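Reader: I would like to learn how to read strands, helices and their contacts from a model. Could you take me through the features one by one, giving the general idea before the particular case?

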Amino acid sequence: MATPRKPTLPVPGKENILITSALPYVNNVPHLGNIIGSVLSADVFARFCRARGLPTIYICGSDEYGTATETKALSEGVDPATLCAKYHAIHKEIYDWFRIDFDTFGRTPTDEHTDIVQSVFTRLWNNGYIEQRETTQAYCPEHESFLADRYVEGECSLCHDQGARGDQCDACGNLLDPMEPDLDASGNQETKATGWLINPKCKLDGTTPIKRQTKHLYLRLDALQGEIESWIASAKKDWSANCTSITYSWLDQGLKPRGITRDLKWGVPIPTGLDGLSEEDFAKKVFYVWFDACIGYPSITKTFTDPGNPGGTNWEKWWKNPEEVSLYQFMGKDNVPFHTIIWPASQIGSKENWTKVKTLSTTEYLNYEGGKFSKSKGVGVFGNNARDTGIDPDIWRFYLLSRRPETHDSEFKWEEFVDVNNNDLLKNLGNLCQRVIKFTQAKMDSVVPEFDLSKFPALQQHKEEVNKLLQEYNSSLKGLKLRHGLSVIMAISGFGNKLLQDNKLGNQLIAEEPERCNAVIGIALNIIHLLANVLAPYMPGKSQAILKQLGFEGEGQTASIPDIWEADAIKPGHKLGEPELLFSTIPAAKIEEWRDAFGGEELRKIKEAEAKKAAEKKLAREKEKEKKKLKKEKEKAEKAASEAAAPVAAGETTTLPLRPAPAKTAATPSADEPTPKA
């Protein structure tokens with residue numbers, strides 16, 4: 001479980017690191033793709049920064065406002081606040097199990113959030129970056145309220161599915177309008193959607209909605225495009241390639257005003273008392289969730305750094321301090337435009353000195369066994385499922401990070417998951433720790449011997465090679481190449497195993513070359529100590545287990561990752577702890593067991609179809625084989641018949657079968673005599 005800590009504040013003159021991972025929407029359970037796409041990746045980087053001694057704060061929390069929350073609450077028969085409390089706890093429990101070490105995991109429905117959202121909006125309004133537009137919208141006469149698109153249901157005008165929503169038809173995937181659009185002056189329908197609902201009904205009470213004029217507020221992205229482009233030109237050098245590509249796809253089309261209000265109850269209310277903004281028009285409206293969600297980062301920070309202090313400004317030391325703070329943000333690619341265009345537009349338009357994103361790390365998609373994760377179809381592993389397997393969370397962390405979809409989609413496969421544990425971890429890292437610590441226990445009473453590496457040039461060379469790998473590791477993590485960083489750790493471990501093999505660590509070495517044996521043990525234990533530290537961002541539990549075996553339990557050990565490895569952290573005379581197995585074999589039989597358990601109906605159908613196809617192929621092969629056999633037998637019979645019927649060639653003789661001679665020469669046999677047979 002994540003350890004609570006006191007709020008960290010930036011230190012003048014140091015590299016201060018502010019980290020966020022995309023706020024997970026709170027109306028569902030996160031799957032493995034969600035976890036690796038944001039919170040786990042950010043956690044690795046946050047742990048790395050702390051281990052490097054940098055002032056670091058890692059902020060996340062649940063995104064709770066919006067239409068999806070209201071509709072989910074309706075389906076569960078509870079109010080939105082109750083629903084959000086339930087799913088916030090589910091998310092927090094899952095992240096704790098995965099050992100995600102947030103500084104704080106907050107929520108958006110807070111007074112702090114409302115204050116900062118309304119403050120940003122007020123500045124945008126005063127600076128001329130908000131406009132009002134009158135639109136036609138579905139209105140329910142029964143409960144006298146405008147309806148958000150998702151609150152209207154009916155028949156899709158395109159595929160005629162009866163369960164379509166007013167924003168989209170899930171059956172055919174097309175965007176819809178909740179009601180049939182009006183015609184403009186040219187006789188064209190005023191819509192960007194491809195269809196609409198036939199016989200629309202209010203989701204709340206089944207009433208047929210009517211069209212009514214209403215006002216909404218729009219953020220003028222078009223007026224801010226020039227400033228956004230200038231900022232992006234200087235900031236993008238530290239963004240991942242897919243992030244830059246997605247951002248420019250928006251810019252190239254030209255930014256347009258974007259609606260920021262919705263007819264809901266669950267959300268941040270529109271502030272009152274602004275010149276030119278009618279309180280009556282917006283009394284029953286709230287901010288659209290995409291506008292307020294990213295403001296959740298500073299508001300959650302405030303609840304952490306200024307608890308119980310509405311006027312506190314410690315949060316601004318992180319969020320309004322671009323000269324001394326570097327902001328790193330982690331997310332899946334579907335969240336990119338909100339972090340590179342919409343939220344920065346609000347920051348720029350407010351004319352305040354906001355800390356904007358410096359480095360943005362986005363992932364592609366993690367797929368599952370040839371398909372996609374689907375909660376409704378029961379396909380894939382979700383956060384609670386991972387815990388139910390009984391496999392240590394660090395094994396899950398290692399595997400997911402080794403498959404992190406950094407540049408292209410990757411795939412979760414149970415066979416690979418088991419192989420990573422049984423080979424990469426057990427036979428590489430586990431073997432090194434077990435072999436060295438057990439040998440020291442058995443031959444040296446668990447006390448580190450006196451050793452001098454300077455007497456053995458080959459061991460000095462080992463030290464130099466490990467330092468090269470350490471530099472590669474640090475460079476990889478600074479550049480957010482987390483997959484490569486993990487491969488470097490395994491290379492260091494492999495190098496440690498090679499050290500033991502090259503020097504043939506064993507009874508003969510300690511008997512014939514005790515000084516060399518001591519030096520090998522000394523450098524090997526220090527390699528293991530280095531591994532415990534560089535492994536900490538990826539496998540914090542196993543890192544602590546290694547440190548315990550090295551005799552550092554109870555000393556408040558925290559990971560420390562150096563620039564240069566001196567191989568002197570474990571000195572002669574140090575007493576080691578008890579050796580323990582770090583990893584255990586996962587039986588191969590678990591592969592099919594888990595695949596069946598988490599495959600879902602869709603995967604089962606695929607497997608059944610594949611089995612049916614295989615059976616049909618087998619039957620076809622058997623029929624073809626039987627057909628060939630019958631053909632061969634027929635050809636053989638025809639050949640035999642042909643040979644029997646063929647005339648005797650000239651000059652050839654033939655032997656006829658002998659006939660038994662008749663017993664009598666009479667033409668007609670007597671009644672008691674048998675008729676002769678040919």
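This is a predicted model: local features need pLDDT of at least 70, side-chain atom pairs count only at pLDDT 80 or more; totals for chains, interfaces and linings use all residues.

Reader: Which strands does β2 pair with, and over how many bridges?

Author: On one hand, β2 pairs with strand β1 (residues 16-21) in the parallel sense over 4 bridges, and leucine 18 has isoleucine 57 in β2 as its bridge partner. On the other hand, 4 bridges join β2 to strand β3 (residues 104-107), again in a parallel run; serine 62 has arginine 107 in β3 as its bridge partner, and glycine 61 stands opposite glycine 106 in β3. The chain segments β1, helix α1 (residues 32-51) and β2 also make a right-handed β-α-β unit.

Reader: Where do the side chains of such a strand point, and is β2 buried or exposed?

Author: In a regular strand the side chains alternate between the two faces of the sheet. With a residue counted as buried under 20% relative accessible area, 7 of the 7 residues of β2 (residues 56-62) are buried, so this strand is largely enclosed by the rest of the structure. Both faces are covered, with Thr56, Tyr58, Cys60 and Ser62 buried on one side and Ile57, Ile59 and Gly61 buried on the other.

Reader: How is the sheet of 4 strands arranged?

Author: This is an open sheet with the order β7-β6-β9-β8 and mixed pairing. The strands β7 (164-165) and β8 (176-177) are its edges, each pairing on one side only. Strand β6 (residues 152-156) pairs with β7 in the antiparallel sense over 2 bridges, and glycine 154 has alanine 164 in β7 as its bridge partner.

Reader: Turning to helices, how should I read the packing of α2 and α3?

Author: An α-helix has 3.6 residues a turn, so residues three or four places apart point the same way. Helix α2 (residues 67-76) and helix α3 (residues 80-97) pack at an angle of about 95°, with their axes 9 Å apart. Since angles of 65 to 115 degrees count as roughly perpendicular, α2 and α3 are therefore roughly perpendicular to each other. In this pair, Thr69, Glu70, Lys72, Ala73 and Glu76 of α2 meet Pro80, Leu83, Cys84, Lys86 and Tyr87 of α3.

Reader: Is histidine 91 buried or exposed, and what does its side chain contact?

Author: Histidine 91 is found in helix α3 and is buried, with a relative accessible area of 2%. A polar atom of its side chain lies 2.7 Å from the backbone oxygen of asparagine 28. Not counting residues up to four places away in sequence, histidine 91 touches Pro24, Tyr25, Val26, Asn28, Pro30 and Phe105.

Reader: Finally, what can be said about α13 and its packing with α19?

Author: In helix α13 (residues 393-402), 10 of the 10 residues are buried, so this helix is largely enclosed by the rest of the structure; the buried residues include Trp396, Phe398 and Tyr399. At the start of α13, a side-chain oxygen of aspartate 392 reaches to within 2.7 Å of the backbone nitrogen of aspartate 394. Helix α13 packs against helix α19 (residues 540-549) at an angle of about 120°, with their axes 7 Å apart, which makes α13 oblique to α19. Their contact is made by Asp394, Ile395 and Arg397 of α13 together with Pro540, Gly541 and Lys542 of α19.

How values were computed
Residues are numbered from 1 along each chain as its sequence is written. Side-chain values use heavy atoms; hydrogens and water are left out. Two strands pair if DSSP finds at least two bridges between them. Buried means under 20% relative accessible area, exposed over 50%, partly exposed in between (1.4 Å probe, protein chains only). A crossover is right-handed if, with the strands pointing away from the viewer, the path from the first strand over the helix to the second runs clockwise. A polar contact is a pair of N or O atoms within 3.5 Å; within protein, one must be able to donate a hydrogen and the other to accept it, and residues adjacent in sequence count only if both atoms are side-chain atoms. Axes are lines fitted to C-alpha atoms, for helices over the stretch in contact, and angles run from 0 to 180 degrees between N-to-C directions. Angles under 35 degrees count as roughly parallel, over 145 as roughly antiparallel, 65 to 115 as roughly perpendicular and the rest as oblique. Contact means heavy atoms within 4.5 Å.
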